[in-house]
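Work through the exercises below with the model open. Each task is followed by a solution in steps.

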Protein chains: 2
Amino acid sequence: MSEVVKTAPHAPPPLKARRFGLYAQHESIVLMHRDCHACRSEGLSPRSQVLLTSGTREVYATLYQMDGDILALDEAALSEEAWRLLGVEAGDLLTVRHAPTIESMSSVRRRIYGTRLDDTAIDGIVRDVVAGRYTPIHLAAFLTATSVLPLDDAETVALTRAMAGVGEQLDWPSDVVMDKHCIGGLPGNRTTPIVVAILAACGLVMPKTSSRAITSPAGTADTMETLAPVDLDLPAMRRVVDAEGGCIVWGGAVRLSPVDDIFIRVERVLDVDTEGQLIASVLSKKIAAGSTHVVLDIPVGATAKVRTREAAAKLSQRLIEIAARFDLKALCMQTDGTQPVGVGIGPALEALDVLAVLQNRPEAPPDLRQRACLLAGTALELAGAAKAGLGAEAAEAVIADGRAWARFQRICEAQGGMRTPPVAAQRAPIHATRSGRVILIDNRQLATLAKLAGAPDRKAAGIQMQVRLGAEVAAGQPLLTVHAETAGELAYALDYAASHGDMIEIDA
Amino acid sequence: MSEVVKTAPHAPPPLKARRFGLYAQHESIVLMHRDCHACRSEGLSPRSQVLLTSGTREVYATLYQMDGDILALDEAALSEEAWRLLGVEAGDLLTVRHAPTIESMSSVRRRIYGTRLDDTAIDGIVRDVVAGRYTPIHLAAFLTATSVLPLDDAETVALTRAMAGVGEQLDWPSDVVMDKHCIGGLPGNRTTPIVVAILAACGLVMPKTSSRAITSPAGTADTMETLAPVDLDLPAMRRVVDAEGGCIVWGGAVRLSPVDDIFIRVERVLDVDTEGQLIASVLSKKIAAGSTHVVLDIPVGATAKVRTREAAAKLSQRLIEIAARFDLKALCMQTDGTQPVGVGIGPALEALDVLAVLQNRPEAPPDLRQRACLLAGTALELAGAAKAGLGAEAAEAVIADGRAWARFQRICEAQGGMRTPPVAAQRAPIHATRSGRVILIDNRQLATLAKLAGAPDRKAAGIQMQVRLGAEVAAGQPLLTVHAETAGELAYALDYAASHGDMIEIDA
């Protein structure tokens, strides 16, 4: 069939762009008057997905409608994100029409019904996601579907490649480009800034891009941001690395694997982050960053993200094999994941630990220093810059003689100037209710406590630990101190602590 | 551990409620000034989930922030839905705080990781959903998780019971309370209003509640709404049934299984509706409606929702067995699902077909009349009101002598007054490009075409079919006519038709 009556190409009536000062995180929103002619002629209802067009730019947005006199009939009021993406000025003309059907959602539906996806299908999904066509509902469906029936190796490779392919791709004039990554889940494990400082001081190239927290109280980018700007664009990042050999910047700002950041926002709400997604997330950024070697830190513990040595071994094998498909040499290290690393949990509090180690201060947490040196040493060995078995020792020496601290300061200055981490206005200690020995520390509950206190969005919020496993404590002795920026958040955190008395277990 | 410093119970600063005239479908939204003291003291960021409290009422909402002078610093501007649920007047005081953690999401996470849920877990999820605690992301995760690893019988029974339990529960002073339901997927299959009219005319009690469309161009409630009001509350519904023996109202308005409507909104976006969810959706409403007997119409066809006789048999068995667990006697009928029923597709166009059948008009679609009589006849037999094998004949007689039409008019009047279905302003025919015989009609593509034309939200929009399977057509002869309320929607539909020439296949 299908000879249709030819109509003139359909053009919706234009509207005037208005900056509404609406902050909706990363959501593109357009508000239009309920009685506006464009809504009527296009048949647009509240919460329609629409396509905004101005000149050559297109933005997918969610429509809301208003009555009353705040909006004129011919205005389209934009959220800050939509305003930025569309690149309009006040009064510029734009059109609003129904968003076209998302073609790749048919692949997501097939996946929900149990059919595995090939490269083309996964590529289509990632392209639609990066174009902003997926609403949170579509994103949640894709991420859940690939969690319940986990991504297999072929799908994980395809997702990794597709995610690496849709953003910026870096390359560096060096045969060895070093990277490291921790498979999260261990509060306070903030070795990256120390490792970068050591390796850069040893002459290696380490253009480190880090993510913000997914389900943890702080990501490396969150912590580093309290010490220096991290939202550098690509030319700025390149200048820092050219000058200092290393950097610690936020991956989202340089648009490496931008889809990862979109996924992460939904994973954070769901508190779900499964193996295939984790591998694609980690490796797509390393590949896009132009890394040749990567050391992966996998903390293992009953309340870490990876709970057993067997699971860690399986994950390591998949990471190494899939990395090899992209000519990326990966080395995985299983590390102790039974308790937090260092003293601080939360962006600023972890930054203080990092500074203490780099500055060689006596109160520096020895576990953080040791882990950082182990990772840096392994990287030195992997790159041929230290003899086998002697890497950690070499790394220790670089901290001890001040070269790491000097290099770190130079990196911070190059990134835009060193900052002093903020200090929380609100603090409250939590005390031991009995005397005895600390026999168990629940990383997950501590992470939740720190998040309720406001981390990672409130930089100064979090926890300072005052005990470690094996410590003998007396009843009434402080176990930790909660830091918050506001009284409301401190109250939420303390409410949680009061009902979770097993967070730190004491054996009499 | 866990002796916390006792603080006074935390109370966020109050704000003044402002009705913002914001239409966001069913979404509760609160807008606050970026610099307002409550955002600062509570640590609230854009897109935080918050709990609004005023007096004894609580509403979960999504927070957006604004700068500029549209909002005062002490104002909380509410969307229409939040305004209605919170029951405030302009200037009333309310508080905004972080929404508490959703306890039942831990069950959803366990389900994502492959653990089946028990009754208590499913009950917790349904209770949190009906309380409005789940965002679209959480809902999409639950619905996707129970689609990829489908709900088993125990979970389906638990979900059915939980869904039936959180809304209103009807009971009727009659031993036999009849119901019918069609497992959708067949455009134009609008037998319900006819069946209710026949059975009520025969003295049976049939308090029919219907849903709106999930993924189809019209649900029975959408169609019936063009003929009479359907958003009756419980006392009004009871008055209609007491007076006339039957009604056809929207289930959402009487809050039978209100969670079903919440799920449906997300399922519609995803275009996903799997077996366990379908069974719980159908049966929870029948149970809550106090039905004792139900006839289920299962159209079978390559492009219907159920594609094979085997799948229909399996679904029938599950429906009957699970219904029996709730003392509900179900009877399933497999019907022809190879092409649309009647002539119209879309709310008003289907209503015209219903009227033609009830009014005994010569142009009434014979297939619609026959299906309605078969279903009504089976129901009469099931209820003992007709002898085995003679039900359909009895139903035919009730249409032929005008009793069904008379009863239908009385029901419409009792529901608030009979209406005339609206007529579309925009129409365009689609013509055969060759001569030959119609050998295939794609229900799914026709449904998409009708939806692009605006159905079900635009009541007059949809399709009028001008051919059926087996028809001999000449090149240039119209196959169907697209109806739309706006030029924009007509254009979207025609664009789709132009690129889907295999919607109606003609064999030369």
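A salt bridge here is a side-chain nitrogen of Lys or Arg within 4 Å of a carboxyl oxygen of Asp or Glu. This is a predicted model, in which local features need pLDDT of at least 70 and side-chain atom pairs count only at pLDDT 80 or more, while totals for chains, interfaces and linings use all residues. Residues are numbered from 1 along each chain as its sequence is written, chains are lettered from A and ligands numbered from 1 in the order in which they are written, and side-chain values use heavy atoms, without hydrogens or water.

**Exercise 1. The interface**

Solution. 
- Start with contacts, meaning heavy atoms within 4.5 Å. On chain B, 75 residues are in contact with 75 residues of chain A.
- Then look for charge pairs. The rule finds two salt bridges across this interface.
- Finally, inspect the backbone of B:Arg47. Its phi is near 70°, a positive value in a residue other than glycine. Most residues other than glycine have a negative phi.
- B:Arg47 belongs to the loop between helix 1 (37–42) and strand 4 (49–54) of chain B. Helices (H or I, at least four residues) and strands (E, at least two) are DSSP runs, numbered from the N terminus.
- With a relative accessible area of 27%, B:Arg47 is partly exposed. Buried means under 20% relative accessible area, exposed over 50%, and partly exposed in between (1.4 Å probe, protein chains only).

**Exercise 2. Salt bridges within a chain**

Task: which parts of chain B does the pair B:Lys286 and B:Asp179 tie together?

Solution. 
- Over all chains, a search of the whole structure finds 62 salt bridges.
- Find the pair. B:Lys286 and B:Asp179 form a salt bridge, with the closest N and O atoms 3.6 Å apart.
- B:Lys286 is in helix 11 (residues 275–288) and B:Asp179 in strand 8 (residues 178–182) of chain B, so the pair ties together parts 107 residues apart in sequence.
- Check accessibility. B:Lys286 and B:Asp179 are both buried.
- A:Arg133 and A:Asp128 form a salt bridge with closest N and O atoms 2.5 Å apart. A:Arg133 is partly exposed at 26% relative accessibility, whereas A:Asp128 is buried at 9%.
- Salt bridges link A:Arg111, A:Arg116, A:Asp152 and A:Glu155.

**Exercise 3. Rings**

Task: how are the rings of A:Trp405 and A:Phe408 arranged, stacked or edge-to-face?

Solution. 
- Apply the rule. Rings of Phe, Tyr and Trp (its six-membered ring) pair if their centres lie within 6.5 Å; planes under 30 degrees apart count as stacked, over 60 as edge-to-face and the rest as tilted.
- Over all chains, the structure holds four aromatic pairs.
- For A:Trp405 and A:Phe408, the centres are 6.4 Å apart and the planes are at 25°, so the pair is stacked.
- Both residues lie in helix 16 (residues 403–414) of chain A, three residues apart, about one turn of the helix.
- A:Phe408 is buried, at 0% relative accessibility.
- Now look for charges over rings: NZ of Lys or CZ of Arg within 6 Å of the ring centre and within 35 degrees of the ring normal. A:Arg212 lies over the face of A:Trp250, 4.4 Å from the ring centre. The charged end of A:Arg238 is over the ring of A:Trp172, 4.9 Å from its centre.

**Exercise 4. Backbone exceptions**

Solution. 
- Recall the background. Most peptide bonds are trans.
- The bond from A:Ala455 to A:Pro456 is cis, with omega near 0°. A:Pro456 is in the loop between helix 17 (443–452) and strand 16 (462–465) of chain A.
- Turn to chain B. A cis peptide bond joins B:Ala455 and B:Pro456, with omega about 0°.
- A:Ser257 has a positive phi of about 50°, although it is not a glycine.
- A:Ser257 sits in the loop between strand 10 (246–250) and helix 10 (258–270) of chain A. A:Ser257 is buried, with a relative accessible area of 0%.
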